[in-house]
Structures are given as structure tokens and as C-alpha cells.
Amino acid sequence: MISFLSVREICRGISNKNTLYTFLFVLLHQSSIAFSIFASVMVSGYILEINQHYEALKLWVFLYIVAMILPHIIGYFSDVYKEKWLCESLSRFWQSATKRYQSCTDSRAVDHTLGVYVSQGKSAISDFIGYAFWGMSSGLNFFLSLLMITAFIDWRFFVSVMISVLLILGFNKIISSHLENNAVTTHKAGSSLTSTLSTIHDNVHFGSSVNALAYQTRFEEGKAKYLGLRIKEAVFRYKALLVSSLLALAPTSCVLLFIFTSSSVPMEVKVASIVNLTRIYHLLNSASDIVSLLISFPSIKGQLSVMTCFSKNKPLYQPQWNIAILKDNESVDTVNLAQAQEGRFRVVGENGSGKTSFLRHLCAKNDYLYFNPSKRLLWPWDDSAILSDGMYSAKSIQWLLENSSGHLILDEWDAFLDSENTKKIGALIDSYADSRVIIEVRQ
């Protein structure tokens, strides 16, 4: 299960055994690439003395070719386990968020928590795992390749890369908070837009032109805000990546220029540099990837922090109602209602007196079964057939009476029933009220 108290707890919750398998295969993948650098250096040395070491040259050429092919095979397994890691994490998220949703949002209002549950949470987890996988691959590739190039080609590469790292870290420190704030603001706007989009069915099909127009207005406002923030965030992030990439590439490029033009550099170093020129520039690309990882970290953190909304309990609500509870036309107080084991109780009051609020309070406090026909919900039967409101009401009540136990709350259950079906369902309710508590509000 995932705890949503902090970004750290979220990361811990979406880690599983597939995370370890993914890391191990990435380590093998990048180690074979690093070995190919060492093998190429050995090939370069034996080429200069081909007449004396021809057999050794053939061996190292073979090992070099194997080291270049092997990463593609290992990469298959790392990709597969990354996908397993993602699927297991999404399963945990949906399971945990479903359990937390009832207590983390106010049932009277749809907030951005719904958007996180439906869309943004999935996106944040997918982006995080992609970021983590990218970080493993780029980080290991960078450091292992740098180690091999420094140890077996020229130590100056290490110095140049360390200069780049210091420049990058300083620049990242300056802009990190701005990047994180941009990410949080953008993803909150995206969650709100998702929540608005989810209301299209009711507003278009069950409302009127007024509802549809209100929906369209709110949708346009939310869309403009989200897309504008997303572009703003992207422009700032890509500018930061450009500046950081230049900081990363410049020092090592100067070292390469020095090696190829200086007469004091040994020929074997120049040959090894030429043979590994692609790998050296790939190292520079890896340095750029490290830059991107550093720059993108606040954005990823910001995405995950949006999910902490599931740790926030709904605000304390003090219900107010002016109602009466009747059983057989006699008044009953809430204490007797709470102690009852059977019987049919009716909640009455004027419009706006809080009848539904009272029923929802009972349901939340005691986990009673609740039914209101104005909300179409999912039930454990085949709902592929299109039912009228009356048919839906009758079928739902009948199923609840016949297939459930415990206290049952029926809120305006007769709202869509004609007189004949109201009498039929009323008689059915009476028959089951002999063995369970049924609390109702009538239309």
C-alpha cells in the first residue's frame, strides 16, 4: 500500500521487487558498455604493434564486438522489468487511492483530488518510473564510461567533467525551486481540468442549455489556464536544459581539442581517443542527460507531491438539520434509531431541513448502505441494458433488499416511480423491515 504523507513515502510505496530486477539488468547493461571502452583501448594499443601482438589483437577485437552486442540483449530484460515495475506501482496506487478517497475529499464538492485519482496520479507515476529508469541508465553509463576513459585514455577528462558538474550543480540550485513550483501549479491546473471534463456527461445529457453553457465556459477557462501553464513550464525548462548542456559540453570539448592538437600527448592516447571518439561524445550526451536529470528532478518531485492530496482528510463538517424521525407515525430519537435492530423508519422535514445531510451523516458514521436514485452508480449486475430512471430505481432497491444485510438507507427512493411501482416496492420494503432497519426519505 502507498502512504501519501510525503513524496518520499509515495516513492517508497511504488517500489517493489521489479525495481531491484530493473536496476540489476541496467547495471549489467551499462557494465558491458563500459567494458567495450576498455576493450577498444586494448585494440588501439595492439593495432600500433600489430606484428608483435596479432593473436592478442584478434582476441580483443572479438571481445569488443561481444561487448557492443551484449547490451542490446540485456536491454530487453531491463525494459521488460521496468514495465512490470510500472504495472505493479499503478496497481498499488489505484488500490491505495480508492481506499483513501472517501476520507480525503468532501463529498459535497468535487476537487482536484478526483483529477489526481483519474488521470494525474497515473501520469505522475509513469513519469517518475521513466525518470528513475533514465536516471539509472544515464547515471551508470556516465560514471562507468568516465571511469574507463579517465583510467585508460587520459585523466584530463575527469577534471573537465568535474568542472562541468560543479557548474551544473550551481545553476540547478538557482532554478530548482522555480521549476518545482511551475510543475506543482501546472499539474494542479491539469487535475482541475480533468475534474471538469469528467462532468460532461451529466451536464450535457441530464441538464439543460444553461448547464451545458456553464460547463463549456468552465472547460474553456480551465483549458486555457492548463495549456498556458504547461507551455510556460516547458519553455523555462528547455531554456534551463540548453544553458546546462552548454555548461556540460564546453570543458570536455576543450580537452578533446587539446589532445588532438598538442604534440606532447602520446600517439597511443590520440589513437585511443579517435577510436573512442563516438563513445566520448556519447559520454558528453550522458553528461547532458545527467544535466536533464538534475533539471527535471524538481518537476518530477512536483508531480508526485500533487498526490499527497490523498493524505488530507476532509474538513470537519458540523451537520445541521431540522428533521423528525417516525416509526409507525410515532416520533423516535436518534438514540433509539441507533439501537434498533429492525423496523421501517421515515425521516421527514421541510425542503432544506437537512434530510439528505442527516442520512449521509448516518451512512458515513455507521457505514450503512445508502441509495439515492438521482445518482447512477455501479451495481454487481449486468448493467449493459439501458434502464429508465424508474426501472433503475426498482431494480436497485429490489437487489439491495434481496442481496444485502445490515441497515439500509433509501433517500427519496420513490422519486422516479409511478404509483403502481411505488406501492409494489413499498410492500417489498415492509416485508424486509421485519428483519433489518430500513431508513427512508419519501418524495
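Q: At 33% relative accessibility, is Glu220 buried, partly exposed or exposed?
A: Buried means under 20% relative accessible area and exposed over 50%, with partly exposed in between. In this predicted model, Glu220 has a relative accessibility of 33%. Glu220 therefore counts as partly exposed.

Q: Which residue forms a salt bridge with Lys223?
A: Lys223 is itself partly exposed, with a relative accessible area of 29%. The closest N and O atoms are 3.1 Å apart, and the partner is Glu220.

Q: How many residues apart in sequence are the parts that Glu440 and Arg344 tie together?
A: Glu440 and Arg344 form a salt bridge whose closest N and O atoms are 2.7 Å apart. Glu440 belongs to strand E6 (residues 437–441) and Arg344 to strand E3 (residues 343–348), so the parts joined by this pair are separated in sequence by 96 residues.

Q: Which residue is linked with Arg344 and Glu440 in a network of salt bridges?
A: Both Arg344 and Glu440 are buried. The network of salt bridges that links these two also includes Asp430.

Q: Which helix gives the most to the lining of the second largest pocket?
A: This pocket has a volume of about 380 Å³ and is lined by 17 residues. Helix H4 (112–152), H5, helix H7 (209–261) and helix H9 (277–306) each supply at least two of the lining residues. With 6 residues, the helix that gives the most is H7.

Key: Residues are numbered from 1 along each chain as its sequence is written. This is a predicted model: local features need pLDDT of at least 70, side-chain atom pairs count only at pLDDT 80 or more; totals for chains, interfaces and linings use all residues. Side-chain values use heavy atoms; hydrogens and water are left out. On a 1 Å grid over the protein atoms alone, a cavity is a set of points where a 1.4 Å probe fits but cannot get out, and a pocket is an open set with protein on both sides within 12 Å along at least five of seven lines; lining residues have an atom within 4 Å of a point. Grid points are joined across faces, edges and corners, and a volume is the space filled by probe spheres set on the points. Helices (H or I, at least four residues) and strands (E, at least two) are DSSP runs, numbered from the N terminus. A salt bridge is a side-chain nitrogen of Lys or Arg within 4 Å of a carboxyl oxygen of Asp or Glu. Buried means under 20% relative accessible area, exposed over 50%, partly exposed in between (1.4 Å probe, protein chains only).
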